[in-house]
Amino acid sequence: MFVKICGLSTPESVRVAVEAGADAVGFVLTASPRAVSPSQVSGMLADVPAGVTAIGVFRHEPVADALAIARAAGLEWIQLHADLTPEDVTTVHDAGMKLIRAVTMAATADAFADWGEELLLIDAAVPGSGETWDYASMVDVTALQDRNWLLAGGLNPDNVSQAAAAAGAWGVDVSSGVEVSRGVKDLDKIRAFVKAAKG
Ligand SMILES: O=C(O)c1ccccc1NCC(=O)[C@H](O)[C@H](O)COP(=O)(O)O
């Protein structure tokens with residue numbers, strides 16, 4: 001089970017996520033209580049070893065702006081929560097970056113198709129909101145069969161194992177479910193989440 005811990009904003013939380021066994025860490029570079037600056041991300045990358053993927057998260061920014069901000073932060077991966085087209089995937093790749101394309105669980109069947117992104121992420125209606133949804137509704141989506149995709153939205157240490165199994169997900173992504181309060185990570189919950197997801 002691939003595990004991404006998102007919305008990290010302190011070196012200590014990055015270290016704990018890495019030590020716990022997270023496969024990816026996410027930094028929110030768009031308007032959010034979890035927002036960090038490109039220079040803060042650059043500093044935190046010192047705690048991200050090779051083999052752990054560091055990802056810049058964006059919402060409605062134009063793709064070119066997201067790429068420029070991510071590059072300034074020293075990142076090679078971006079996660080875009082926006083209405084994208086297959087051409088946007090090409091734009092990201094032409095810039096030498098890798099892409100997590102985020103869609104909501106209510107997306108059309110076409111949006112679930114493989115557009116050539118490195119990973120698809122299927123999230124609640126509002127990203128980073130902590131809202132749960134009907135994860136099992138994904139298990140019969142034909143476009144997701146035999147694909148590497150991430151489940152997100154309302155996951156926490158107590159529900160992640162069952163949710164991932166119900167959805168048939170290859171990996172999971174969490175932010176709210178490992179926080180004390182919005183934007184403040186709970187280090188023990190990060191450890192518990194990774195353990196439960198990988199257990
Ligand atoms: O975290 C944010 O505030 C945020 C804002 C804008 C776009 C994306 C954002 N976060 C994305 C994530 O943290 C994860 O991909 C996922 O949505 C986490 O959901 P949850 O565990 O329900 O917080």
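**Valine 48**

I started at valine 48, which sits in the loop between helix H2 (38-44) and strand E3 (53-58). The model is predicted, and I read every entry here with that in mind. Is valine 48 buried or exposed? I found 22 C-beta neighbours inside 10 Å, so valine 48 counts as buried; the cut-off for buried is 20 or more. Next I looked up its contacts, leaving aside neighbours within four places in sequence. Valine 48 is in contact with Val14, Val18, Val25 and Ala54. I then took the pair valine 48 and valine 14. They are 34 residues apart along the chain, yet their C-alpha atoms are separated by 7.2 Å.

**Glycine 56**

I moved on to strand E3, where glycine 56 lies. Glycine 56 has 28 other C-beta atoms within 10 Å, so I logged this residue as buried. Which residues does glycine 56 touch, not counting those up to four places away in sequence? I listed Phe27, Leu29, Val41, Ile69, Ala70, Ala73, Leu75, Ile78 and Gln79. One of these, alanine 70, I checked by C-alpha distance. Glycine 56 and alanine 70 are 14 residues apart along the chain, and the separation of their C-alpha atoms is 6.0 Å.

**Helices H1 and H6**

I turned to helix packing. Two packed helices are described by the angle between their axes and the distance between the axes. For helix H1 (residues 11-20) and H6, the axes come within 9 Å and cross at roughly 25°. H1 is therefore roughly parallel to H6, as the limit for that label is under 35 degrees. I noted the crossing of H1 and H6 as right-handed. From H1, the contact draws on Ser13, Val16, Ala17 and Ala20. From H6, it draws on Leu187, Ile190, Arg191 and Val194. By class, I have 6 nonpolar, 1 polar and 1 charged residues in the contact of H1 with H6.

**Helices H5 and H6**

I noted the crossing of H5 and H6 as right-handed. Which residues make the contact? On H5 they are Val160, Ser161 and Ala164, and on H6 they are Phe193, Ala196 and Ala197. I sorted the residues of this H5 and H6 contact into 5 nonpolar, 1 polar and no charged.

**Aspartate 146**

I looked at a backbone angle next. Most residues other than glycine have a negative phi. Aspartate 146 has a phi near 60°, a positive value in a residue other than glycine. Where is aspartate 146 placed? I located aspartate 146 in the loop between E6 and strand E7 (149-152). Aspartate 146 counts as exposed because I find 5 C-beta neighbours inside 10 Å, and the cut-off for exposed is 12 or fewer.

**The ligand shell**

My last entry is on the ligand. I found 25 residues around the ligand. Which of them come nearest? I wrote down Cys6, Ser32, Gly128, Ser175 and Ser176. Strand E6 (119-123) and strand E8 (171-174) each supply at least two residues of the shell. By class, I counted 9 nonpolar, 12 polar and 4 charged residues in the shell around the ligand.

Methods:
Residues are numbered from 1 along each chain as its sequence is written. This is a predicted model: local features need pLDDT of at least 70, side-chain atom pairs count only at pLDDT 80 or more; totals for chains, interfaces and linings use all residues. A residue is near a molecule or strand if its C-beta atom, placed from the backbone, lies within 6 Å of it. Helices (H or I, at least four residues) and strands (E, at least two) are DSSP runs, numbered from the N terminus. Ala, Val, Leu, Ile, Met, Phe, Trp, Tyr, Cys and Pro count as nonpolar, Asp, Glu, Lys and Arg as charged, and the others, Gly among them, as polar. A crossing is left-handed if the near helix is turned anticlockwise from the far one by less than a right angle, and right-handed if clockwise. Two residues are in contact if their C-beta atoms, placed from the backbone, lie within 7 Å. Axes are lines fitted to C-alpha atoms, for helices over the stretch in contact, and angles run from 0 to 180 degrees between N-to-C directions. Angles under 35 degrees count as roughly parallel, over 145 as roughly antiparallel, 65 to 115 as roughly perpendicular and the rest as oblique.
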